[in-house]
Amino acid sequence: MFKRKKMRNSTVKPIELDAIAISWLTVALGLALLPHLTHLPIWSGVLFAGTVGWRWWVAQNPSRQLPKPWLRASLTLLIVVLVFYSFKTLFGREAGVALLAAMAAMKFLESRTLRDGLILLMLGYFLVMANLLYSQSLLMAGYLLAILVVMLAAQTMTQRQHSAIPIKAVLRLNLRTVLQGLPVMLILFVLFPRIPGPLWGMPKDAHSGLTGLDDKMTPGAISQLIKSDEVAFRVRFSSPIPPPNQRYWRGPVLWRYDGVTWTRSTDLPRKEFPYTVEGESIDYSVIVEPYGKRWLFALDLPYRLPPEAGITRGLELMRKTPVNELTRYKMSSYPNYQTGPLETTWRWRSLRLPEDTDPQTRRLAQEWRSRYAKPEQIVQAALRYFREEPFYYTLSPPGGLVDNNIDRFLFETRRGFCEHYAGSFVFLMRAAGVPARVVTGYQGGESNALSDYFIVRQSDAHAWAEVWLQGRGWTRVDPTAAVSPARIERGIQAAVDLNDLPFMARRDNSWRQDLSLRWDSFNNLWNEWVLSYGPERQREFLSGLGFGPVDWRGMTTAMVALLGVLSLLAVGWQILRRRTTHDPVIHWYQRFCNKLARRGLTREIYEGPVDFTERVAQQRPDIAPQVRRIGHLYAKLRYSRNLPTAESIEALRRGIRQLRV
């Protein structure tokens, strides 16, 4: 009774983390945090390096002490204050990741036991996954897969820190573990039924900083966007590729003008197309990068609605939710169309101008209106004006926003980018009584012949105009083409100095460009088959394999069946491997046991080598020295930290062969 009570009150001393485990944890968490340093505050990286370095220094010098609890508590409070000061909140993606990194650093500073090490590893796994909130590129996925192997190795060395396993063996073991899990991952990825949209909502700041067109246009806005070579979307045509002067990728349509800025009008999307089409369609698929807005891009004019999308009176494709993830959709467009009559409300919107602005421009428009009877003639007069007067197409127009911006551009500076020409043209048309509006989007695109698709970059951003003409409806007019035809026919790189463009937008046919296009081909495959593998893509892929129409029941059945087959193969492989594995130490010990069993000295299943040979020695004193020597030698070879040498294996073999029972 006394002994039982004593055992109940006794405590097991926790396993302390040694210097090797601390070193592994330092490397693993440092690599997990490394990509975050590009978007975390500088103090966050300094804090992590300082606390982790402090803990590593203490591990290397056991006589040193970790900080006192009051100091750790003060640092924790300071971290919370710094996060709130930096982000003005403690919630969201940015603040949340900063808190996660800081708390991992503070936990590192107090880690002493195996339990603390395992908690640190869990925080490290969260840091690894948090990287996907910022980038899901092929390069990032490969990096995180490598970090996963290191994290698993750190977990192995933390739990078996006294085993003295070589580093190469640990990495090889965990790499093999990851590779063995890849078939299961592949089956789940391909066959697990997909649902439209993400499983959970992202924080509001998760999509901040995304580059793309806005729903408003001020002078200089698009020319700033031209300086980015980020990919806006990629296009793969399944019908003949249209010529450059038809590659207008329609985006936001701007109706309102306040003297400086053009903005969209509120317009609810519908499911019916408010126009008729003629001729042959252009069929293609689009993979658009996340940019945090609701509109989708399509050639003029779209005649197919992507899932969860509609079309507005401005002929914009609009989704119900913003494009916050890589999105793939199929599209059909018609270059020949007729939009029909113009409703009274929208006619008023397409003629409205701010009062008492730009008098010179108004007088010029009124002169054209009095001279020409038809709107088509007024349009041609404006294009002739841009073509014949000394206008210049430039990325660096005179800056500053002043009163009468249109007058200043048309009659003084005459230097501008596409937004200047589109905005002033629409102003002229409205002042002359011709309904008009500004359309923004992209024009052109770069062909990647290596993979047969087009890349449309932010540097291809463009603005043009549409006028409403009787009998034709809304008609595209691009005043930029009158000033710089090369911009439309050969792209932005043909219209401006290449040194003013970002590297990937230059298209100078250098080896670096060729290498970049090859890398983009890999990225496009990753985007098409991984990031945009949604419900439609899944059904398309499985149907293409010959399964015919598939639903979630069929996919679930196939998934469970394949996982079952894979499990049976894994079990069978392990059984076969155990039978065929030739471990000389186990082999000779088994022969030793068989030799004794033939003389009635059978080893019990619960007996270890030392206990078994001790029992044999008591029953057979004549062979006791030999049996004890064999048992101790086998235990040393089988359970030692060090791998057995050829000499020690030979000694075991010789002892067993010389044993005479």
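**Ile 649**

I looked up Ile 649 and found it buried, at a relative accessible area of 18%; buried means under 20%, exposed over 50%, and partly exposed in between, with a 1.4 Å probe and protein chains only. Ile 649 sits in helix H23, residues 646-658. Helices here are DSSP runs of H or I of at least four residues, strands are E runs of at least two, and both are numbered from the N terminus. I then listed the contacts of Ile 649 (heavy atoms within 4.5 Å). Leaving aside neighbours within four places in sequence, they are Pro 584, Val 585, Leu 637 and Pro 644. Leu 637 is 12 residues from Ile 649 in sequence, and the C-alpha atoms of the two are 7.9 Å apart.

**Source notes**

I am working from a predicted model, in which local features need pLDDT of at least 70 and side-chain atom pairs count only at pLDDT 80 or more, while totals for chains, interfaces and linings use all residues. Residues are numbered from 1 along each chain as its sequence is written, and side-chain values use heavy atoms, with hydrogens and water left out.

**Whole chain**

I noted 23 helices and 20 strands in the protein chain. The radius of gyration is 36 Å, well over the 26 Å that the globule rule gives for 661 residues, so the chain is more spread out than a compact globule. That radius is taken over C-alpha atoms, and the rule is 2.2 Å times the number of residues to the power 0.38. The C-alpha trace spans about 130 × 65 × 55 Å along its principal axes. Of the 661 residues, 45% count as buried. Among contacts between residues at least 6 apart in sequence, 73% join residues at least 24 apart.

**Nonpolar cores**

I checked the largest nonpolar core, which has 72 residues. Such a core is a set of buried Ala, Val, Leu, Ile, Met, Phe, Trp, Tyr and Cys residues joined through side-chain atoms within 4.5 Å. Phe 233, Tyr 284, Phe 425 and Met 429 touch the most other members. Helix H14 (residues 418-431) gives the largest share of this core, 9 residues. Not counting residues up to four places away in sequence, Phe 425 touches Val 379, Ala 382, Leu 383, Phe 386, Ala 465, Val 467, Val 477 and Pro 479. Another core, of 45 residues, lies apart from the largest one and includes Ala 21, Ala 59, Ile 79 and Ala 104.

**Sheet S8-S11-S10**

I traced an open sheet of 3 strands in the order S8-S11-S10, with antiparallel pairing; two strands pair if DSSP finds at least two bridges between them. S8 (295-296) and S10 (309-311) are the edge strands, each with a single partner, so one side of each has no neighbour in the sheet. S8 is joined to S11 (residues 317-319) by 2 bridges. Leu 296 stands opposite Leu 317 in S11.

I found a cis peptide bond between Asp 300 and Leu 301, with omega about -15°. Leu 301 is in the loop between S9 (298-299) and S10. Leu 315 has phi near 65°, a positive value in a residue other than glycine; this residue lies in the loop between S10 and S11. Leu 315 is buried, at 3% relative accessibility. Lys 88, also not glycine, has a positive phi near 60°. Its place is the loop between H4 (69-87) and H5 (93-110), and Lys 88 is exposed at 61% relative accessible area.
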